[in-house]
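I list what I looked up, entry by entry.

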Amino acid sequence: MSEPAVTLYSTDGCHLCELAAQQLNQLNVTYITVDIIDDPDLVSRYGITIPVVRKADSSELNWPFEINQLANFLE
């Protein structure tokens, strides 16, 4: 089974991350969630920008975004 083509970088207790996950769910997107706290490099890269949605082509959408922006990004 292949991994989803979308990754949500987040961490526990991040209400904005929960909102981003809700948007992905509303769009019926299959994604994996990566908690940045487990990786110092990810904390350094995303610590103040989460939630971040990343596609398999390495393009990223940083918060803030609305659901229509997310949908356009994922097309």
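At what angle do H1 and H3 pack, and how far apart are their axes? I found an angle of about 60°, with the axes 10 Å apart. That makes H1 oblique to H3, since angles under 35 degrees count as roughly parallel, over 145 as roughly antiparallel, 65 to 115 as roughly perpendicular and the rest as oblique. The axes are lines fitted to C-alpha atoms, for helices over the stretch in contact, and the angles run from 0 to 180 degrees between N-to-C directions.

Ground rules.
The model is predicted, so local features need pLDDT of at least 70 and side-chain atom pairs count only at pLDDT 80 or more, while totals for chains, interfaces and linings use all residues. Residues are numbered from 1 along each chain as its sequence is written, and side-chain values use heavy atoms, with hydrogens and water left out. Helices (H or I, at least four residues) and strands (E, at least two) are DSSP runs, numbered from the N terminus.

Entry: disulfide.
I searched the whole structure and got one disulfide, meaning a pair of cysteine sulfur atoms within 2.5 Å. The disulfide joins Cys-14 to Cys-17, with 2.4 Å from S to S. Its torsion about the S-S bond is about 75°, so the disulfide is right-handed. Cys-14 and Cys-17 are both buried; buried means under 20% relative accessible area, exposed over 50% and partly exposed in between, with a 1.4 Å probe and protein chains only.

Entry: aromatic pairs.
I counted two aromatic pairs in the structure. Why is the pair of Tyr-9 and Tyr-46 stacked? The ring centres are 4.5 Å apart and the planes lie at 20°, so Tyr-9 and Tyr-46 count as stacked. For the terms, rings of Phe, Tyr and Trp (its six-membered ring) pair if their centres lie within 6.5 Å, and planes under 30 degrees apart count as stacked, over 60 as edge-to-face and the rest as tilted. Tyr-9 is in strand S1 (residues 6-10) and Tyr-46 in helix H2, so the pair ties together parts that are 37 residues apart in sequence. I have both Tyr-9 and Tyr-46 down as buried.
Trp-63 and Phe-65 make an edge-to-face pair, 4.8 Å centre to centre with 65° between the planes. Trp-63 is partly exposed at a relative accessible area of 21%, whereas Phe-65 is buried at 2%.

Entry: charge over a ring.
I also looked at Lys-55, whose charged end sits over the ring of Phe-73, 4.6 Å from the ring centre. The test asks for NZ of Lys or CZ of Arg within 6 Å of the ring centre and within 35 degrees of the ring normal.

Entry: cis peptide bonds.
Trp-63 came up again here, as a cis peptide bond joins Trp-63 and Pro-64, with omega about 10°. I placed Pro-64 in the loop between strand S4 (60-62) and helix H3 (67-74). The bond from Ile-50 to Pro-51 is cis as well, with omega near 0°. Pro-51 belongs to the loop between H2 and strand S3 (52-55).

Entry: positive phi.
Which phi values did I find for Asn-28 and Ser-58? Asn-28 has phi near 55°, a positive value in a residue other than glycine. Asn-28 sits in the loop between helix H1 (15-26) and strand S2 (31-35) and is exposed, at 68% relative accessible area. For Ser-58, phi is near 75°, again positive in a residue other than glycine. I located Ser-58 in the loop between S3 and S4, and its 41% relative accessibility counts as partly exposed.

Entry: two helix residues.
Asp-41 is in helix H2 (residues 40-46) and is exposed, with a relative accessible area of 60%. I read 17 Å between the C-alpha atoms of Asp-41 and Asp-12, which are 29 residues apart along the chain. Asn-68 is in helix H3 and is partly exposed at 48%.
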